Amino acid sequence: QEYFYRGVVLAALAPYLGWVSILPAAAMFVFEHVAQGGGIHFDRRDLINHALLSLVFGALAVYSGSVLPAVIGHTVYNLPNVIQIFVRVYAQRRVRHDS
C-alpha cells in the first residue's frame with residue numbers, strides 16, 4: 001500500500017499539486033480500507049485514525065523524499081495485529097494437538 005499510495009500516487013500528483021498531493025493519496029488509502037472491510041467493522045474512529053495515519057505517512061514520504069519512512073511506519077502500526085494473529089493461530093494449533 002505504501003509503495004502505491006506514497007510512491008506511485010504521490011509521485012504522479014506531486015509535480016502538479018505539491019504537498020497537496022498528500023490529500024488525494026490519503027483519501028484513496030482510506031477508501032481502500034473501508035472497501036476491504038465492506039464498511040462493516042469500520043466506524044468513525046477507524047476513519048479518523050486511518051486518515052491521520054495516511055496524512056502522516058504522506059508527509060513523511062514527501063518530507064524525506066522516500067517511501068521508506070512510510071513503509072516503516074505502516075509496518076510498526078500493523079505489527080501488533082500481525083503478532084496477535086500469529087499468537088491466535090499458534091494457540092489454535094496447540095489446542096488441536098493437545099486434544
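Colleague: What should I know about the model before we start?

Modeller: It's a predicted model, so local features need pLDDT of at least 70 and side-chain atom pairs count only at pLDDT 80 or more, while totals for chains, interfaces and linings use all residues. Residues are numbered from 1 along each chain as its sequence is written, and side-chain values use heavy atoms, with hydrogens and water left out.

Colleague: OK, at what angle do helix 1 and helix 2 cross?

Modeller: Roughly 150 degrees, with the axes coming within 8 Å. Axes here are lines fitted to C-alpha atoms, for helices over the stretch in contact, and angles run from 0 to 180 degrees between N-to-C directions. Helices are DSSP runs of H or I with at least four residues, numbered from the N terminus.

Colleague: And what does that make helix 1 and helix 2 to each other?

Modeller: Roughly antiparallel, therefore; the cut-offs are under 35 degrees for roughly parallel, over 145 for roughly antiparallel, 65 to 115 for roughly perpendicular, and oblique for the rest.

Colleague: Which residues of helix 1 and helix 2 meet?

Modeller: E2, F4, Y5, R6, V9, L10, L13 and L17 from helix 1 meet I22, P24, A25, A26, M28, F29 and E32 from helix 2, where contact means heavy atoms within 4.5 Å. By class that contact has twelve nonpolar, no polar and three charged residues. Ala, Val, Leu, Ile, Met, Phe, Trp, Tyr, Cys and Pro count as nonpolar, Asp, Glu, Lys and Arg as charged, and the others, Gly among them, as polar.

Colleague: How do helix 2 and helix 3 pack?

Modeller: Helix 2 (residues 22-36) packs on helix 3 (residues 44-64) at about 140 degrees, and their axes are 9 Å apart. That makes helix 2 oblique to helix 3. The contact takes in residues including A26 and H33 of helix 2, and H50 and S54 of helix 3. It divides into twelve nonpolar, four polar and no charged residues.

Colleague: What about helix 1 against helix 3?

Modeller: Those axes come within 10 Å and cross at roughly 55 degrees, so helix 1 and helix 3 are oblique to each other. E2, R6 and L10 of helix 1 meet S54, F57, G58, A61 and V62 of helix 3.

Colleague: Switching topic: which residues form the largest nonpolar core?

Modeller: There are eight: Y5, V9, L10, I22, A25, F29, V30 and A61. A nonpolar core is a set of buried Ala, Val, Leu, Ile, Met, Phe, Trp, Tyr and Cys residues joined through side-chain atoms within 4.5 Å. Helix 2 gives the most, with four residues.

Colleague: What does A61 touch?

Modeller: R6, L10 and S66, not counting residues up to four places away in sequence.

Colleague: Last one, S54: buried or exposed?

Modeller: S54 counts as buried because its relative accessibility is 0%; buried means under 20% relative accessible area, exposed over 50%, partly exposed in between (1.4 Å probe, protein chains only). S54 lies in helix 3 and touches R6, A25, A26 and F29, leaving out residues up to four places away in sequence.

Terms used:
Helix = DSSP H or I, 4+ residues; strand = E, 2+ residues; numbered from the N terminus.
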